[in-house]
Amino acid sequence: MKTAARHKAIPGYAFLVVSTGQPDQIFVQGKTEKNGKQKVDQDTVFRLASVSKTFTSVLAAKLVEQGKLSWDQPVSRLAPDYPFKPELANKMTLGHILSQSSGYMPNAYDNLIEADYPVKRVLNELAGLKPICAPGNCYTYQNALFAVVEEGLNNSLQQNYAQLLQDNLLMPLGMSRSGVGRQALMRDDNWAKPHVLLAKNRWHKVNVSEDYYRFAPAAGVNASIRDMGQWAKLMLGQYPHLLSSHAIDQLVTPKVRTSKELHRRHWREHLKEAHYGLGWRVYEFDGELLVHHGGWVKGYRADIGFSPKYKTAMVFLMNAESNLMNEITVNFWADFFEQMKIRAQAAP
């Protein structure tokens, strides 16, 4: 990995492997800014992009267990101030939003997010869309629609997403280097600056965009690699007082098939089945269950995956938009599952 990252001149990255009963393995390389002086370390904060959706689904699962939310809560109750078509508003639920099966055209109005339209205007536009299928019937990946979750939290609990996440998950897990929003990232004294590719192996620092941060449940969380170790351990069941095994099972139960994932470069040789659960992708990878999610916004890539069977997780954070992430992630899991197979065959 170090050799490949150096070959591609990746500005900086942080890589983590967590296995229950074993010490965490953390590898960092590079700098927070190309040509800068500050090195990436275990506490450097990165944007998580769409890995934020895993935080939103876990928060929702906790609130469901507390009786404060319901997976069946319809959009008409989550966001009553928006003109969603009545037949859709009563059928599309929190569960449909978090399982990416709302029925809206995939990535609906991401272009408006990137054009810096206000959240309320984007949701008003979204409310007028005609769905391409009934809720729950097809995979339709969304970002803008996740703002409905924040509206629902504000309406139902009179608390905002960032505070609920802090109180229910980040603080209890000791994730002190994690937070929500652009300001939370940039006021830190140790954060990874975003970089885009100008030409082969030539990276250029860019500004941090506010756009997707305004849709925090979809892409607004920041974290260090050390903190992501805590997040991985939560999903591996090491903190049952914070997230029950029943809740984890709900999150990783397949809800809708995601056929396009079977054709992705690097992944296609290993995936036999691909689904979306609640805020998590659920794969059959070389015959094994792999729960996964990736993230990509301007200047950053992020990746997390875990094997419930082998109680092992991997996290990869990068302050560059490089496809090296897919290559490293796939190779890691291919090698890992192969080693588990060899170990099982060798057992008496």
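Buried means under 20% relative accessible area, exposed over 50% and partly exposed in between (1.4 Å probe, protein chains only). The model shown is predicted: local features need pLDDT of at least 70, side-chain atom pairs count only at pLDDT 80 or more, and totals for chains, interfaces and linings use all residues. Residues are numbered from 1 along each chain as its sequence is written, and side-chain values use heavy atoms, with hydrogens and water left out.

**View 1. Glu288 in strand E11.** Glu288 belongs to strand E11 (residues 288-297); strands (E, at least two residues) and helices (H or I, at least four) are DSSP runs numbered from the N terminus. With a relative accessible area of 15%, Glu288 is buried. Beyond its neighbours within four places in sequence, Glu288 is in contact with Tyr283, Lys309, Tyr310 and Phe337, contact meaning heavy atoms within 4.5 Å.

**View 2. Phe55 in the largest nonpolar core.** A nonpolar core is a set of buried Ala, Val, Leu, Ile, Met, Phe, Trp, Tyr and Cys residues joined through side-chain atoms within 4.5 Å. The largest has 90 residues, of which Phe55, Phe84, Met228, Trp231 and Leu251 touch the most other members. Helix H2 gives the most to this core, with seven residues. Leaving aside neighbours within four places in sequence, the contacts of Phe55 include Tyr161, Met175, Met228 and Trp231.

**View 3. The crossing of helices H2 and H13.** H2 (residues 52-65) and H13 (residues 245-252) have axes, lines fitted to C-alpha atoms over the stretch in contact, that come within 10 Å and cross at roughly 130 degrees. Ser57, Val58, Ala61 and Glu65 of H2 meet His246, Ala247 and Leu251 of H13.

Technical notes. Axes are lines fitted to C-alpha atoms, for helices over the stretch in contact, and angles run from 0 to 180 degrees between N-to-C directions.
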